[in-house]
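Trainee: I would like a close look at one part of this model, with the rest brought in as background.

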Amino acid sequence: MSEFLQRLKQRKLVQWALAYVAAAFALLQGIDIVAQQFGWPESLRRGITLALIVGFFVTLVVAWYHGERGAQRVSGIELLILALVLAIGGGLLWRFTGITRGTTEQSVAARPAAESKSEVNAKSVAVLAFANLSDDKGSEYFSDGISEELLTVLQKIPGLHVAARTSAFSFKGKNATAQEIGQKLGVAHLVEGSVRKADDVVRIAARLTRTDTGEQLWSENFTRDLKDVFAVQTELAQTIVGQVSGQLTNDAANPAAKAAIQAEVRAAERGGTKNVEAHQHYLQGRFYSNRGSEKSAGEALVEYQRAVELDPSFALAWAGLARTHMWYCGLSSEIARAGFDDHLARAREAAARALAIEPNLPEALLVRSKIQLDFDFDWNGAAETVRSALALAPADPALVTVAGTLALARGDTTRAIELYRQAVALDPVNPFARSWLAFILGVTGRLAEARAEYPRVVELIPAAPWSHAGLGVAFMVKGKFEEAAVAAQDDAAEWTRLYVVAMARWSQKRIPEADAALARLTEGFADTAAYQIAEVYAYRGDKDRAFEWLERARRQRDNLGFMRSSPFLANLHEDPRWDVFLRKMGLADDQLK
């Protein structure tokens, strides 16, 4: 045994091994930094790690024969042994990376295969934005509105898959072929058209096309008085449903089938108006609200308000009014606490008016569910409202997104991710569904998936809060504090930047910077970010102040639906006050049953 140890010492085997381990560790640290910057796949990093492990054994062999600075000569047999070791190591590396690559390729290939299977559904359609051919280019609201209303009606037809508005309208002004659009939206048919409005005369041209061949299945031109536009919309919807259904069942001309289609379309059109002027103001309201800015939200309020004044029984206009007031409550950066309270009260009133007129209106049920979820903390009431709304409009991505947020509030992150993925699949360019998906992937530690999603979020809504800071949160969860602070700096909202920096710098022991960020967050955003301030204090271990700010967040109706799933409140879970506060919020386990 002593002779063997003497030979190890003589050949410097231990020194070689330690030097290799130190060099390999330093190399892996450098690779990890570079891989994060350039988004290298995990399989490549695992392959490099395996190669270094194989290299360790090669190094030991080399050390054994050359540990005395080459005092021994390498024989042919020794060279053969070295070659075999390298060949075996290389073969293992090739096999490993091949399996990993194959698995990845299979999973990626399987996804389009699964998607293509759903894409062949003959009862699927996308309604593209109708072209505005009017001399008055300000009439774009009317052409957009006609196509959007048609889309909304078709979405409510049972058994018909309709591409969501955000995704379908993303092709507006683009010269894409039917095949390209069909592949991207996963639909078998396209509805396209144009609208020309002159005084009180409206000309509407529409056509239905197959996406796989580009074959035109049906087309029609309508020239009517403006007051007859409602009849044209009904006829369009009935014809399209009949045509799409007929491709599969060949019974579109059957009187019983035709009567059933007419009944379905009538049911889907509930909540509308026959007042031409009110209808035009409603279309203008939708046009402005779809722009999503502070200025356009104010313009939408004016138009919706005028619509309900002209027709107080116009349920869809009341729902639009309610949803715009909710936009101010959730996204406006310009209203103070008094303004928030006023908009919330008006949203409640408008939603109640809409549901009093039409109790089964999905658009109004959506607003009610968001009020219950975001501001009333009525989790069970929100669940019942969402359930009712989804029964009426199961493919509405906004409703599916709310269902995901409700699952998140209940602490079921797995179900929340499933629902957010479903919402993204229904409407791939919907920024809110995708940002929620990216955020929850990040806070649950799925950094690679979150990093894949956030560039798409930035592309869709670059100036929205969390578009960049959300990735910072994902880095925080994985303990990558410098990357977190750097990612957050690009966010458009100061309060989200301060929130991430306050925690990241604290973890890096850069206490003055952390304190300065928290002080600025508290000074400037206490009325709108009390919950985030509570998370920072909890993360720092200051439980007393964390609970103080949670209570303030509850009083001022901040969005507290994330608290059961938040990794940054983990320090509070063993404190007796945590269960007391959960019960006050209605989030105790027995309260959610």
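How many of the 593 residues of the chain count as buried? After that, please take me through the packing of helix 23 with helix 24, and then through other local features.

Mentor: This is a predicted model. Of the 593 residues in the chain, 48% count as buried. The chain holds 26 helices and 6 strands. Taking contacts between residues at least 6 apart in sequence, 62% join residues at least 24 apart.

Now the part you asked about. Two packed helices are described by the angle between their axes and the distance between the axes. Helix 23 covers residues 511–525 and helix 24 covers residues 530–540; their axes lie 10 Å apart, at an angle of about 155 degrees. Because angles over 145 degrees count as roughly antiparallel, helix 23 is roughly antiparallel to helix 24. The crossing of helix 23 past helix 24 is left-handed. From helix 23, the residues in the contact are A514, D515, L518, L521, T522 and F525, and they meet A530, I533, V536, Y537 and R540 of helix 24. By class, the residues of this contact are 8 nonpolar, 1 polar and 2 charged.

Another pair, helix 21 (residues 481–488) and helix 22 (residues 494–507), can be described in the same terms. Their axes come within 9 Å and cross at roughly 160 degrees, which means that helix 21 is roughly antiparallel to helix 22. This crossing, too, is left-handed. Helix 21 brings F481, E482, A484, A485 and A488 to the contact, where they meet R497, V500, V501, A504, R505 and S507 of helix 22. The contact of helix 21 with helix 22 divides into 7 nonpolar, 1 polar and 3 charged residues.

K156 sits in the loop between helix 5 (140–155) and strand 3 (161–162). With a relative accessible area of 17%, K156 is counted as buried, because the cut-off for that class is under 20%. The side chain of K156 makes a polar contact with the side chain of E363, at 3.1 Å. Leaving out residues up to four places away in sequence, K156 touches A268, L361, P362, E363 and L392.

A395 is placed in the loop between helix 15 (379–392) and helix 16 (397–409). A395 is also buried, at a relative accessible area of 18%. Apart from neighbours within four places in sequence, A395 is in contact with Q155 and L426. The C-alpha atoms of A395 and P158 are separated by 10.0 Å, although the two residues are 237 apart along the chain.

W466, in the loop between helix 19 (447–460) and helix 20 (469–477), has a phi near 80 degrees, a positive value in a residue other than glycine. R557 is not a glycine either, yet has a positive phi of about 60 degrees. The loop that holds R557 runs between helix 25 (543–555) and helix 26 (576–585). R557 is partly exposed, with a relative accessible area of 26%.

Technical notes: Residues numbered from 1 in each chain as written. Predicted model: local features only at pLDDT ≥ 70, side-chain atom pairs only at ≥ 80, totals over all residues. Heavy atoms only, no water. Axes fitted to C-alpha atoms, helices over the stretch in contact; angles between N-to-C directions. Helix = DSSP H or I, 4+ residues; strand = E, 2+ residues; numbered from the N terminus. Parallel < 35°, antiparallel > 145°, perpendicular 65-115°, else oblique. Left-handed = near helix turned anticlockwise from the far one by under 90°. Contact = heavy atoms within 4.5 Å. Nonpolar A, V, L, I, M, F, W, Y, C, P; charged D, E, K, R; others polar. Buried < 20%, exposed > 50% of the residue type's maximum accessible area, 1.4 Å probe, protein only. Polar contact = N/O pair within 3.5 Å; in protein donor to acceptor, adjacent residues only side chain to side chain.
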